[in-house]
Amino acid sequence: MSTSGATPIIAVEGLVKRFHLRHSMLDSLRGVPPKTHVAIDNVSFSLNRGEILGLAGQSGSGKSTVARCLTRLVTPDSGMINLDGEDIRAVGGASLREARRRMQMIYQDPYTSLNPRMTVGAAILEAGQVHRQPGSEHPQAFVSGLLEQVGLPAGTALRRPRELSGGQRQRVAIARSLAVGPDILIADEAVSALDVSVQVQLLNLFVDLRDQLGLSILFISHQLAVLAEVCDRVAIMNRGRIVEIGTTTDVFTNPQDAYTRELLAAHPDPDPSRRNKEFA
Ligand SMILES: Nc1ncnc2c1ncn2[C@@H]1O[C@H](COP(=O)(O)OP(=O)(O)OP(=O)(O)O)[C@@H](O)[C@H]1O
């Protein structure tokens, strides 16, 4: 299943993100320093070219914060995020715009990334034209090519997000991301809200996109069986730290960390040898 080489496209080292918690007026008056919450604590991992890397862990373990740090929706406090050798942890301007183009987020709810008032075609075209993508000067062919790539008929271009099913909307969100020519997709619970049969179809799409376009994918999910289905490797997070990382088979069949064992015990059957069965 894996086509991954060992060359990292992203290498994260010692990443830390703290959030300042709300300070009561009384505490301010008393001179009590604001409290902080360490959302991710010394996180290191790499995403190899053409690899699907899973990120698992219970709610609040820091998975989304890792994604938001990579795309710089939040700025990490310390550490390094090497994108093809350039540390983008603190870059701004054109370097940040380019890093964000190359790393596209796919969210659980496509409404966060799709404008409900725009037709699907206009949204896809706008993304491509903003980033001056090759082919975007021929709108019809550009849009229908991307729709075809995500398994939607060309006629979808004329529809608005509310007219589509959840699975179709997620395909549109993926097409819009592909329109900017990314190297990396970061899927944050991208299939979690969908029915199992639709989940299977979308997971197959992610694998096809990796295989056909050579994309690297960071796949965040609390559903271990979903990760077992698509990931070459998985990283397990607990309380802001990566406690274990390895091939999907190794981590799920021979976990080394006590927390991974706990997580596996709480989720039935993520065994990768049983792919395409029901998800937990
Ligand atoms: N903007 C913020 N301000 C304060 N605390 C935050 C902020 N964003 C995240 N946190 C806290 O950081 C920790 C990690 O949150 P994060 O959303 O990354 O976890 P997660 O593993 O993605 O969980 P979920 O699956 O529920 O989204 C949580 O304790 C969360 O409450």
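**Strand pairing and helix packing in the predicted model**

Within the sheet, Met 237 has Ile 242 of β10 as its bridge partner. The model is predicted; local features require pLDDT of at least 70 and side-chain atom pairs pLDDT 80 or more, while totals for chains, interfaces and linings use all residues. Residues are numbered from 1 along each chain as its sequence is written.

Strands β9 (residues 233-238) and β10 run antiparallel and are joined by six bridges. Strands are DSSP runs of E of at least two residues and helices runs of H or I of at least four, numbered from the N terminus; two strands pair if DSSP finds at least two bridges between them. An open sheet of six strands has the order β6-β7-β8-β3-β9-β10, with mixed pairing. Because β6 (103-106) and β10 (241-247) each have a single partner strand, they stand at the edges, and one side of each lacks a neighbour in the sheet.

In helix α4 (residues 120-130), the buried residues are Val 120, Gly 121, Ala 123, Ile 124, Leu 125, Ala 127 and Gly 128 (buried: 20 or more other C-beta atoms within 10 Å of the residue's own, C-beta atoms being placed from the backbone). Helices α5 (139-149) and α6 (166-178) are among the elements that cover them. The α4 and α5 axes lie 10 Å apart at an angle of about 105°, which means that α4 is roughly perpendicular to α5 (65 to 115 degrees). Axes are lines fitted to C-alpha atoms, for helices over the stretch in contact, with angles from 0 to 180 degrees between N-to-C directions. Gly 121, Ile 124, Leu 125 and Gly 128 of α4 make the contact with Pro 139, Phe 142, Val 143 and Leu 146 of α5 (contact: C-beta atoms, placed from the backbone, within 7 Å).

Technical notes. A residue is buried if 20 or more other C-beta atoms lie within 10 Å of its own, exposed if 12 or fewer, and partly exposed in between; C-beta atoms are placed from the backbone. Two residues are in contact if their C-beta atoms, placed from the backbone, lie within 7 Å. Angles under 35 degrees count as roughly parallel, over 145 as roughly antiparallel, 65 to 115 as roughly perpendicular and the rest as oblique.
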